[in-house]
Amino acid sequence: MAISSSCSSVKAVNSRWTSPSPSPSSPITKLAVFRRHSLLPNLRHTPNIKLTATNALRTVEQTTLTEDHKFSTVGSDSDDPSPFPKPRILVAEKLGEAGVNLLREFGDVDCSYELSPEDLKKKVAESDALIVRSGTKVTREVFEAAKGRLKVVGRAGVGIDNVDLQAATEYGCLVVNAPTANTVAAAEHGIALLASMARNVAQADASIKAGKWERSKYVGVSLVGKTLAIMGFGKVGTEVARRAKGLGMIVISHDPYAPADRARALGVDLVSLDQAIATADFISLHMPLTPATNKVFNDDTFSKMKKGVRLINVARGGVIDEDALVRALDSGIVAQAALDVFCEEPPSKDSKLIQHENVTVTPHLGASTKEAQEGVAIEIAEAVAGALKGELSATAVNAPMVSPEVLSELAPYIVLAEKLARLAVQLASGGKGVQSIKVVYRSARDPDDLDTRLLRAMVTKGIIEPISDSYVNLVNADFIAKQKGLRISEERVVVESTPEYPIDSIQVQISNVESNFAGAVSDCGAISIQGRVKYGVPHLTCVGSFSVDVSLEGNLILCRQVDQPGMIGQVGNILGEQNVNVNFMSVGRKVVRKQAIMAIGVDEEPDKKTLERIGGVSAIEEFVFLKL
């Protein structure tokens, strides 16, 4: 975003964050080639060249790539034969023929399956690109063995748990995935499990094959008029909703980021988590596995469900505490479950969950249709070929493309931006969904000397990643924000401070949502938090309209209370009794003896009883625990 300057002391410039699709010849695309071909580190030591995020774009247009870093452009629009060899592409796991054929039009393809770790390291040393599915581990050792030659890793599927993203970024290797091609297949499998579970298809089939005829035992339930709660209203969840509506079901959904207008168009009500699980007859899981969703369906969650609920999971096994599910099945809280994914795959043969008579299971077949497999193959082949040609991929999951100098200067502010966003989104509640975010930068810098692209991307990362399987960075931030229905605007406020530091403070505001902590709502009605970097460490400096000063390390407890003596001691004693270490504490107030906000940094996560004791202090009006 270009931010213009003004002679006045304060000048605010707003910009709606859009997500254009850059052409292969655009400056940003050229910079992508520039970075991946390892020329940027060389230019850092070139005399008389000062690289900033702004002039790096100009420098790349004036720079000629050396022969060692060029690739053939076979399959491009150029008719001139290239004197350089085709890129070598290693396909380490089975890929659909359509995808392989597409790759062969562009480069030399080596299909070598079931490679040992040692064989894989030998192969990547001679490869420019690597394509894997979920079975091959692309570790730091693999990137080290490639010695900088490996330019792109393609994951044929959604999850990239088997790729070391940090190592890939350090070695200048782009990582891309294929997140869209299996959407319909996964949705269809979810509906298939829902219907077969409701009518006991698997159990009846096994019974007949065992020589029995038990019609009365396998009486099912109808779907018409039943309420289906879809947990996660992304691509797959949306497609499940379409099909469930066609079956005559009432569909509700919980997803903090789902656009309300898209849900309304499908006749789906967005509700809170507790409302969804308390009213549903069927619950279908379509959420990613993140620290926030790990075992989110546990004993406490099951206890809030309607007795006799039926559960379907075609998302990630880890979102369910499998032992807790067995207990819920035995007690009758959960009448039946249909599972395609598990915490451990394949699950053990003697698993109580797998062997439970009221559980229907399939071996991770969500994306296993011929059409989906071909679609994934084509999607990942196009992404890999495009990356090798220097095109930006909308499915890129790493490699922020700014100069090392800018990265170095902005490093603590990058952390600050992400943590402020993580805090802000945890303060939002209700079923309306986060859609409108405003970021305000206060700085004494000249507008041309302040590149906020990476900070903006980190705000997106902090808002989206806690409950999403999307990996956000400068490459894909625009795409993912638009996909999630987020509208992110920026405002620059010029302040009188030393220009030695790029930014005085960052403020994150979320508008048009309810808050689970009223003290965080500013006078304009938006959730508002602000922070700054002090001595190289990110600090929270303002919550709503209350000033605080607390280091953003560990976790955070916010309390809105009556401003009276002894409050710090009471809360401190409660935490101390439970061996919870306080690393920082600050109290902010506007009027003496009225209301105040107490911000407490803690190293450990207090247990539920400890938090209940804090909430039970008579002078505390509300509190919230936030993970950083």
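This note goes through a predicted model point by point, from the whole chain to single residues.

1. Basis of the model. Because the model is predicted, local features need pLDDT of at least 70 and side-chain atom pairs count only at pLDDT 80 or more, while totals for chains, interfaces and linings use all residues. Residues are numbered from 1 along each chain as its sequence is written, and side-chain values use heavy atoms, with hydrogens and water left out.

2. Overall make-up. The protein has 21 helices and 25 strands, where helices (H or I, at least four residues) and strands (E, at least two) are DSSP runs numbered from the N terminus. Of the 628 residues in the protein, 51% are buried; buried means under 20% relative accessible area, exposed means over 50%, and partly exposed lies in between, with a 1.4 Å probe and protein chains only. Among the contacts with a separation of 6 or more, 68% are between residues 24 or more positions apart, a contact being heavy atoms within 4.5 Å.

3. Helix α14 and its ends. Helix α14 spans 322-331, and its buried residues are A324, L325, V326, A328 and L329. These buried residues pack against α13 (299-303), β11 (309-313), β12, α15 (352-355) and β13 (359-361). Just after the helix, G332 takes a positive phi of about 90°.

4. Residue I333. I333 lies in the loop between α14 and β12, and it counts as partly exposed because its relative accessibility is 24%. Leaving out residues up to four places away in sequence, I333 touches F302, S303, M305, K306, K307, G308, V309 and A328. One of these, M305, is 28 residues from I333 along the chain, yet the C-alpha atoms of the two are separated by 7.1 Å.

5. Residue Q336. Q336 belongs to strand β12 (residues 334-339) and is buried, because its relative accessible area is 4%. Apart from neighbours within four places in sequence, the contacts of Q336 include M197, A198, Q203, V309, L311, L329 and N358.

6. Helices α4 and α16. Helix α4 (residues 97-106) and helix α16 (residues 370-388) pack at an angle of about 20° with their axes 7 Å apart. The axes are lines fitted to C-alpha atoms, for helices over the stretch in contact, and angles run from 0 to 180 degrees between N-to-C directions. The two helices are therefore roughly parallel to each other, since angles under 35 degrees count as roughly parallel, over 145 as roughly antiparallel, 65 to 115 as roughly perpendicular and the rest as oblique. From α4, the residues E97, A98, G99, L102, L103 and F106 meet E374, A377, I378, A381, E382, V384, A385 and L388 of α16. The residues of this contact divide into ten nonpolar, one polar and three charged; Ala, Val, Leu, Ile, Met, Phe, Trp, Tyr, Cys and Pro count as nonpolar, Asp, Glu, Lys and Arg as charged, and the others, Gly among them, as polar.

7. Helices α20 and α21. The axes of helix α20 (residues 567-577) and helix α21 (residues 608-615) come within 10 Å and cross at roughly 165°, and the two helices are therefore roughly antiparallel to each other. The contact is made by V571, I574, L575 and E577 of α20 together with T610, R613 and I614 of α21, and these residues divide into four nonpolar, one polar and two charged.

8. Backbone points to check. Most residues other than glycine have a negative phi, and most peptide bonds are trans. E114, which is not a glycine, has a positive phi near 55°; E114 is found in the loop between β3 (108-111) and α5 (117-124) and counts as exposed, because its relative accessibility is 80%. K295 also has a positive phi, of about 55°, although K295 is not a glycine, and it sits in the loop between β10 (282-285) and α13. A cis peptide bond with omega of about -5° joins E345 and P346, and P346 lies in the loop between β12 and α15.
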